[in-house]
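Hello,

Here is the structure we discussed handing over. My notes follow below.

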Number of protein chains: 2
Amino acid sequence: MDKTTQIYKALSEEIRLRIVMLLTHGELCVCDLMEIFGETQSKISRHLAYLKHSGFVKSRRAGTWMHYSLKEPLDSLIEAHIAFMKEQFSELPIIQEDVRRMEEVKSSKLCEKSDAKSLRTTKGFNKTREGK
Amino acid sequence: MDKTTQIYKALSEEIRLRIVMLLTHGELCVCDLMEIFGETQSKISRHLAYLKHSGFVKSRRAGTWMHYSLKEPLDSLIEAHIAFMKEQFSELPIIQEDVRRMEEVKSSKLCEKSDAKSLRTTKGFNKTREGK
DNA sequence: TGTATATATTTGTATATACGAATATATGGA
DNA sequence: TCCATATATTCGTATATACAAATATATACA
């Protein structure tokens, strides 16, 4: 039952549960999550590593950015948990607020729209990043 | 989300998850659980206290025995978790083996069949208990 | 190659909670 | 009241994992 209890441990820290909920909407990079939650890079990164070890997420490097998304294919038990979470938590104010901030962040940042290489060679890139 | 994460914490320890699964079949006393799991009284009691604090179970005293069962009414989120667990875990060998041992223990012990007072005044009671 | 950026990991520390062993409490019966 | 039984709690300790701060790593670009 190690796998089973590891899933529960992974979801027993609030920020990890909220990250998983956000990732059901699609891929996010570390910098997005830092901004959405107002947390330090170290904290976000640690929890993503935990979720990765637990089988929830995969990462994709694009230039210097790391993009995280739900692993594919998901272990079927994890998939069932995520379906359960969507049913149970989607309507919670704190989760809806996270989604709202996610949309805000995604519309004001470029790192989600294409990969680092093309961004960095785009005129005006640094200007865009200054907003942080 | 404290309630939410507390539920995940409660289920993230294997023995607690297995106790909850057994209690879906009905009330059990501490001594039954000790025998089913082959664990010490202290360990069983501590985990039951944790489950009680987390809102999963209630206890009923009958003489010197404490009987535990799923709380009623259950918090609706906990109820949903338990329904999920039944779906996902009922067929696992370890869970089925727990149920088998539970049936064995319940058929060979009396403390489940009536309360302590009547048992203690029943002839042959101590003999029955010696089997332990 | 050297610098800057994004992310990951390490370090030192704090907290939650696990454990076994011992002790305390509550009940029932002599 | 005193003892036995069932259970709960405490004590001392070990482990997992949280945190912030610091440092390391990987990549991009000059």
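By about how many helical turns are B:Glu104 and B:Arg100 separated in helix 6 of chain B? About one, because the two lie 4 residues apart in that helix. Helices (H or I, at least four residues) and strands (E, at least two) are DSSP runs, numbered from the N terminus.

Before the rest, the basis. This is a predicted model: local features need pLDDT of at least 70, side-chain atom pairs count only at pLDDT 80 or more, and totals for chains, interfaces and linings use all residues. Residues are numbered from 1 along each chain as written, chains are lettered from A and ligands numbered from 1 in written order, and side-chain values use heavy atoms, without hydrogens and water.

**Salt bridges**

A salt bridge is a side-chain nitrogen of Lys or Arg within 4 Å of a carboxyl oxygen of Asp or Glu.

- B:Glu104 and B:Arg100 meet in one at 2.6 Å, N to O. B:Glu104 is partly exposed at 44% relative accessibility, and B:Arg100 is too, at 39%. The cut-offs: buried is under 20% relative accessible area, exposed over 50%, partly exposed in between (1.4 Å probe, protein chains only).
- B:Asp98 and B:Arg18 pair at 2.7 Å, N to O. This bridge links helix 6 (residues 93-108) to helix 2 of chain B, 80 residues apart.
- B:Arg60 bridges to B:Glu27, with the closest N and O atoms 2.7 Å apart. B:Arg60 sits in strand 2 of chain B, and B:Glu27 in the loop between helix 2 and strand 1.

Best wishes
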